[in-house]
Amino acid sequence: MKKNKQLLVLNYHYIREANFPYPAIYPIGMDDLYRQVKRIKAQYSMPNPNQVKNYILNQKHFDEPSVFLTFDDGLKDHICAIREVLDLLNVKAAFFICTEPLIKKRALNVHKIHYLRSIISPDKFREMVYSRIPNSFKELEIRENAVRIYKYDEAEVAIFKYMLNFALPQPLLSNTLDSIFEEECINEANFCKKWYLDEFEIKLMADEGHEIGIHGYTHKPFSTLSAQEIITEIKTNANQLEMITKREPSWISYPNGVIDKNVLGRIKENLKDLKLGFTTETGWNGPITEPLMIKRANANDFSDYFG
C-alpha cells in the first residue's frame with residue numbers, strides 16, 4: 001500500500017431529498033448515501049473510530065487503504081442516516097455536533113442562511129439582506145476568497161455567501177437573520193426541533209459506538225474569532241456534549257474546516273484533551289504528523305475518489 005494513500009476521511013452534511021423551491025441546500029439523498037457507502041465497502045476497508053484513533057495517534061497502520069465517514073453540524077438527518085444506511089452496512093462514523101440549538105433553541109446562522117435561501121427567491125433574499133446592513137458591506141473586495149471557498153457556485157452567489165458567512169460581523173449577521181426569520185413567520189424553536197438532533201439521539205449514537213465530536217458551540221467560523229473566543233467556543237461545546245454522552249469528547253471538526261496555525265498552538269496549550277482535528281484540506285492522508293490537522297474530502301466530490 002502506498003504510504004501517502006492510507007486513510008480517506010469523507011465528510012457529509014445534509015442527507016435528505018432536494019425538495020426546496022430554490023437552490024441553496026445541496027443534500028445527498030438517503031438512497032444515494034446507501035449506494036455510496038456500499039460502493040466504498042466493496043473497494044476499501046472502513047475502520048471504526050477506535051481503529052482510526054489508533055492509526056493516527058499510535059501509528060497502527062492499516063493493511064489496506066481505508067475510508068472513514070464523518071458528518072458535521074448535528075442535523076436530524078444523521079440519525080436517519082444511521083438507521084437507514086450505516087446500521088444496515090455495519091459502519092461506524094464520527095458526528096461533529098454544535099450545541100447552541102440544543103441549549104438555547106437557536107438555529108445556527110449557517111442553517112438559517114441555507115433555509116432562507118432555499119425558500120425565498122435569490123433576488124428577494126439578497127434585497128432583504130441588503131436592506132438590513134450598512135452600504136459599506138455591499139462593496140467589499142471579496143471575490144477572490146469567495147470563488148475559492150464556494151467553488152460549486154456562480155461568482156455572484158459565491159460573493160453573497162462569503163459576505164454572509166465571513167465578512168459580516170457576527171452580531172450584525174445574527175440580527176439580520178433573526179429579523180428575516182420573524183418577517184417570514186418562522187418559529188425558531190420549532191425549526192430547531194425539526195432540524196437538529198436531540199439529546200436522546202446524541203446519547204444513543206455515542207452508546208452505539210459512533211464518535212461524538214466538537215464542532216463549536218455556535219458554528220461561528222474560527223477565522224472571525226479571537227483565539228480566546230475560539231477556546232471558549234470549543235470548551236462550551238465540549239462540556240455540553242460531555243454532559244449528554246457522559247464521555248469527554250476529544251475529536252474536533254473545525255467550523256468551515258479552517259484553523260490558523262498560530263491559533264492551533266493556543267488550542268494545544270489550553271485544550272490538552274483534544275486528540276484529533278479535522279479540516280477541509282482535501283485528499284488522502286498518509287502518515288499523519290499533526291493529528292489536529294487531518295485532511296478530509298467533501299462528499300460532493302465523491303466521484304473524484306471513487307469514479
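This is a predicted model: local features need pLDDT of at least 70, side-chain atom pairs count only at pLDDT 80 or more; totals for chains, interfaces and linings use all residues.
Helix H10 covers residues 188–195, and its buried residues are Glu 188, Phe 191, Cys 192 and Trp 195. When the helix is viewed down its axis, these buried residues fall within an arc of 100°, so they line one face of H10. The face turned away from that buried side carries the exposed residues Lys 193 and Lys 194. As for what lies over the buried residues of H10, the cover includes helix H4 (100–103), helix H5 (109–119) and helix H9 (170–183).

Two packed helices are described by the angle between their axes and the distance between the axes. For H5 and H10 the angle is about 95° and the axes are 12 Å apart; angles of 65 to 115 degrees count as roughly perpendicular, and the two helices are therefore roughly perpendicular to each other. On the H5 side the contact is made by His 111, Lys 112 and Tyr 115, and on the H10 side by Glu 188, Phe 191 and Trp 195. Glu 188, Phe 191 and Trp 195 are also among the buried residues of H10.

Helix H9, which is likewise part of the cover over H10, has a further partner in helix H6 (residues 122–130), and the axes of H6 and H9 come within 10 Å and cross at roughly 125°. That angle makes H6 oblique to H9, and H6 passes H9 in a right-handed crossing. Here the contact is made by Phe 125, Met 128 and Val 129 from H6, together with Thr 176, Ile 180 and Glu 183 from H9.

A last stop is helix H8 (residues 155–167), in which Asn 165 is found. Is this Asn 165 side chain buried or exposed? Residues under 20% relative accessible area count as buried, and Asn 165, with a relative accessible area of 11%, is therefore buried. Its side chain is joined to that of Tyr 150 by a polar contact of 2.7 Å. Leaving aside residues up to four places away in sequence, Asn 165 touches Ile 113, Tyr 150, Gln 170 and Pro 221.

Methods. Residues are numbered from 1 along each chain as its sequence is written. Side-chain values use heavy atoms; hydrogens and water are left out. Buried means under 20% relative accessible area, exposed over 50%, partly exposed in between (1.4 Å probe, protein chains only). Helices (H or I, at least four residues) and strands (E, at least two) are DSSP runs, numbered from the N terminus. The arc is that of the directions from the helix axis to the C-beta atoms. Contact means heavy atoms within 4.5 Å. Axes are lines fitted to C-alpha atoms, for helices over the stretch in contact, and angles run from 0 to 180 degrees between N-to-C directions. Angles under 35 degrees count as roughly parallel, over 145 as roughly antiparallel, 65 to 115 as roughly perpendicular and the rest as oblique. A crossing is left-handed if the near helix is turned anticlockwise from the far one by less than a right angle, and right-handed if clockwise. A polar contact is a pair of N or O atoms within 3.5 Å; within protein, one must be able to donate a hydrogen and the other to accept it, and residues adjacent in sequence count only if both atoms are side-chain atoms.
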